[in-house]
Amino acid sequence: MTDHERTAQELAVSLRGITKEFNDGEVKALRGIDLEVPRGQKLVLMGLSGSGKSTTLRVLNRLHDPTSGEMTVLGEDPMAMSARELRRFRQRVAFVFQHFNLVGRLTALENVMAGALGTLRGPRYGVMTYPNAMRHEALAQLERVGLGDQAFQKAGTLSGGQQQRVGIARALFQKPELVLADEPVASLDPESSRQIMELLLTVCEEDGLTVICSLHQVELAIEWADRMVGLRHGEIVFDRDASQITIADASTIYASTDPTTSSDPEAA
Ligand SMILES: Nc1ncnc2c1ncn2[C@@H]1O[C@H](COP(=O)(O)OP(=O)(O)OP(=O)(O)O)[C@@H](O)[C@H]1O
Ligand SMILES: [Mg+2]
């Protein structure tokens with residue numbers, strides 16, 4: 001194994017000069033992102049609305065194709081994959097959404113198993129049409145996120161916090177190696193947000209998963225993450241270990257001025 005190959009194995013993600021343009025270049029969402037994420041790291045992406053957080057997460061599992069640049073995710077190049085390889089790759093990369101993306105009329109259990117539909121032949125109508133082992137595994141994941149008693153409740157009737165627990169159980173059910181979470185607590189109240197972030201942290205640590213999560217709450221991010229990366233206008237302007245960050249530091253990402261340059265006229 002060459003040094004380069006060894007590093008690629010130890011990194012969950014390596015982005016080199018990734019750009020993403022929309023509308024024929026009118027919108028430059030990412031302007032050259034270089035980012036290496038070691039396996040097992042819990043990384044928070046922060047930045048103002050429109051800074052490129054969702055685009056970065058979506059490029060990572062090729063929901064968006066980058067305009068230019070190179071990337072390695074879990075030791076593979078998603079850009080070089082066939083449709084079938086991409087399906088297999090996406091089983092290894094779970095996505096947790098802000099608005100949960102559950103099917104409201106289906107039970108919590110069915111929503112968890114929906115992640116495996118790509119591996120089953122034909123559609124499924126009702127819990128009993130899934131293989132037994134699959135139902136057991138889905139139930140185990142629901143119990144893990146504290147929702148064993150709600151397994152047969154329709155997802156649409158669950159509270160927001162409970163729905164996101166289902167979203168996390170669905171992600172875990174995939175047995176992923178990398179979890180991408182796009183503002184997973186933005187639709188929740190502060191107490192539920194804290195509980196959900198703690199849950200995500202616990203289960204990902206238990207399973208040794210890499211997590212990249214966009215999050216706006218600076219305090220939660222400092223408590224939760226190993227590392228914080230700040231985006232601004234599609235560029236990384238901040239990248240530090242969470243242990244070395246204060247709330248004031250992190251808040252500069254959200255300040256109206258650019259944290260990489262002093263715009264204080266008195267300082268000039
Ligand atoms: N499908 C798209 N078509 C055109 N422009 C897009 C598309 N997706 C994102 N953009 C633009 O790319 C830029 C980055 O958007 P992105 O959604 O990544 O930001 P974000 O940091 O996730 O913001 P927020 O905090 O509001 O979720 C924005 O200017 C946005 O308008
Ligand atoms: Mg976003």
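**Figure 1. Helix 2 and the residue that follows.** The buried residues of helix 2 are Lys 53, Thr 55, Thr 56, Leu 57, Val 59 and Leu 60, where buried means under 20% relative accessible area, exposed over 50% and partly exposed in between, computed with a 1.4 Å probe on protein chains only. Helix 2 spans residues 53–60 and is mostly covered, with six of its eight residues buried. Just after helix 2, Arg 62 adopts a positive phi of about 60 degrees. Helices (H or I, at least four residues) and strands (E, at least two) are DSSP runs, numbered from the N terminus. The model shown is predicted, so that local features need pLDDT of at least 70 and side-chain atom pairs count only at pLDDT 80 or more, while totals for chains, interfaces and linings use all residues. Residues are numbered from 1 along each chain as its sequence is written, chains are lettered from A and ligands numbered from 1 in the order in which they are written, and side-chain values use heavy atoms, with hydrogens and water left out.

**Figure 2. The protein chain as a whole.** The protein chain has nine helices and nine strands. Of its 268 residues, 48% count as buried. Among contacts with a separation of 6 or more, residues 24 or more positions apart account for 69%; contact means heavy atoms within 4.5 Å.

**Figure 3. Packing of helix 5 against helix 6.** Two packed helices are described by the angle between their axes and the distance between the axes. Helix 5 (residues 132–144) and helix 6 (residues 160–173) pack at an angle of about 135 degrees, and their axes are 9 Å apart. That angle makes helix 5 oblique to helix 6. Axes are lines fitted to C-alpha atoms, for helices over the stretch in contact, and angles run from 0 to 180 degrees between N-to-C directions. Angles under 35 degrees count as roughly parallel, over 145 as roughly antiparallel, 65 to 115 as roughly perpendicular and the rest as oblique. Helix 5 passes helix 6 in a right-handed crossing; a crossing is right-handed if the near helix is turned clockwise from the far one by less than a right angle, and left-handed if anticlockwise. Helix 5 contributes Met 134, Glu 137, Ala 138, Gln 141, Leu 142 and Arg 144 to the contact, and helix 6 contributes Val 166, Ala 169, Leu 172 and Phe 173. These residues divide into seven nonpolar, one polar and two charged. Here Ala, Val, Leu, Ile, Met, Phe, Trp, Tyr, Cys and Pro count as nonpolar, Asp, Glu, Lys and Arg as charged, and the others, Gly among them, as polar.

Figure 4. Side chains of opposite charge can pair when their charged atoms come close. A salt bridge is a side-chain nitrogen of Lys or Arg within 4 Å of a carboxyl oxygen of Asp or Glu, and by this rule the count comes to 13. The side chains of Arg 144 and Asp 207 meet in one of them, at 2.8 Å from N to O. Arg 144 lies in helix 5 and Asp 207 in the loop between helix 7 and strand 7 (210–214), 63 residues apart. Arg 144 is partly exposed at 28% relative accessible area, and Asp 207 is partly exposed at 38%. Glu 205 and Lys 42 form another salt bridge, at 2.9 Å from N to O. This pair joins helix 7 (residues 190–206), which holds Glu 205, to strand 3 (residues 42–46), which holds Lys 42, across 163 residues. Glu 205 is partly exposed at 49% relative accessibility, whereas Lys 42 is buried at 6%.

Figure 5. Glu 21 forms a salt bridge with Lys 28, the closest N and O atoms being 3.5 Å apart. Glu 21 is partly exposed, with a relative accessible area of 31%, and Lys 28 is likewise partly exposed, at 38%. Arg 39, Glu 76, Arg 92 and Glu 177 are linked in a network of salt bridges.

**Figure 6. Positive phi values in two loops.** Leu 74, a residue other than glycine, has a positive phi near 50 degrees. Leu 74 lies in the loop between strand 4 (68–73) and helix 3 (83–92) and is buried, with a relative accessible area of 4%. His 233, also not a glycine, has a positive phi of about 45 degrees. His 233 lies in the loop between strand 8 (227–232) and strand 9 (235–241) and is exposed, with a relative accessible area of 56%.
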